[in-house]
Amino acid sequence: MKKFKEYLLTTVGIALTAIALEYFFFPCDIAAGGGSGIGLVINKLIGIDTSLVVLILNIFLFVLAFIVLGKSFGAKSIYATVMLSVFMWIIEKFFTPQVLTENMFLASFFGSMILGMGAAIVFHQGASTGGTSIIASIISKFTPIGIGISVLLTDSFVCILAIGIFGVDKGLFGFFSVIVIGLIIDKFIDGFNV
């Protein structure tokens, strides 16, 4: 029963993350770091479905994590990573997401709120949706840089890529989202712990 509850909550967190990406970030070209941000940039460059790019990238990163970090990365993280791509694919294929707001600030703010809540739920269940958190874990293991700064560095690199593809305004909204998501994850996890 405990396992069922953990996977159920993880699924809810993944669904919120997919909704934030597909309805707020992607339609407005906001690459808020992570594997999804890289997926959005590659989608704009060569037109491959973002969900497919995220899945391929995460498979590569999980193989790298198993080699470099060992087998402790866990079944829940693999489940979360695969299910995020599945949810994104379902939304893209069957719900054809539209722009909910033309206002970049509103899209960035509300997308960050929803994604932050979803990510916090997933993290609280001891899982990860892969992406740049794997790269950050590898950096943190082999350097004196902490995990928080490592995540910020890897996500900032994605935002810099986004500036080159989408322009300064959208790239800066990506940076804004990275900061808001980080703050929300911390607040939600503190709340869960209380």
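The model is predicted, so local features require pLDDT of at least 70 and side-chain atom pairs pLDDT 80 or more, whereas totals for chains, interfaces and linings use all residues. Residues are numbered from 1 along each chain as its sequence is written, and side-chain values use heavy atoms, without hydrogens and water.

The predictor's confidence in each residue is given as pLDDT, from 0 to 100. The protein chain has a mean pLDDT of 85. A value of 70 or more is reached by 95% of its residues. Helices here are DSSP runs (H or I, at least four residues), numbered from the N terminus. Among the elements, helix α1 (residues 2–25) has the highest mean pLDDT, 92. Helix α6 (residues 132–142) has the lowest, 79.

Helix α4 covers residues 75–95. Its expected span is 1.5 Å times one less than its number of residues. Several residues of α4 are buried, including Leu84, Met88 and Ile91. Buried means under 20% relative accessible area, exposed over 50%, and partly exposed in between (1.4 Å probe, protein chains only). The buried residues of α4 pack against α1, α3 (50–69) and α5 (104–124). Contact requires heavy atoms within 4.5 Å. Thr96 follows α4 and has a positive phi, near 30°.

The largest pocket holds about 890 Å³ of space. A pocket is an open set of points on a 1 Å grid over the protein atoms alone, where a 1.4 Å probe fits, with protein on both sides within 12 Å along at least five of seven lines; lining residues have an atom within 4 Å of a point. The lining comprises 42 residues, and Phe123, Ser133, Val151, Asp155 and Ile185 are the closest to the pocket centre. Helix α8 gives the most to this lining, with seven residues.

Phe176 is found in helix α8. Its relative accessible area is 28%, so Phe176 is partly exposed. Beyond residues up to four places away in sequence, Phe176 touches Phe105, Ser108 and Phe109. Phe176 and Phe105 are 71 residues apart along the chain, yet their C-alpha atoms are separated by 9.3 Å.

A disulfide is a pair of cysteine sulfur atoms within 2.5 Å. The count is zero. The closest cysteine sulfur to that of Cys28 is in Cys159, 15 Å away, too far for a bond. Both cysteines are buried: Cys28 has 6% relative accessibility, and Cys159 has 0%.

Conventions: Helix = DSSP H or I, 4+ residues; strand = E, 2+ residues; numbered from the N terminus. Points joined across faces, edges and corners; volume = space filled by probe spheres on them.
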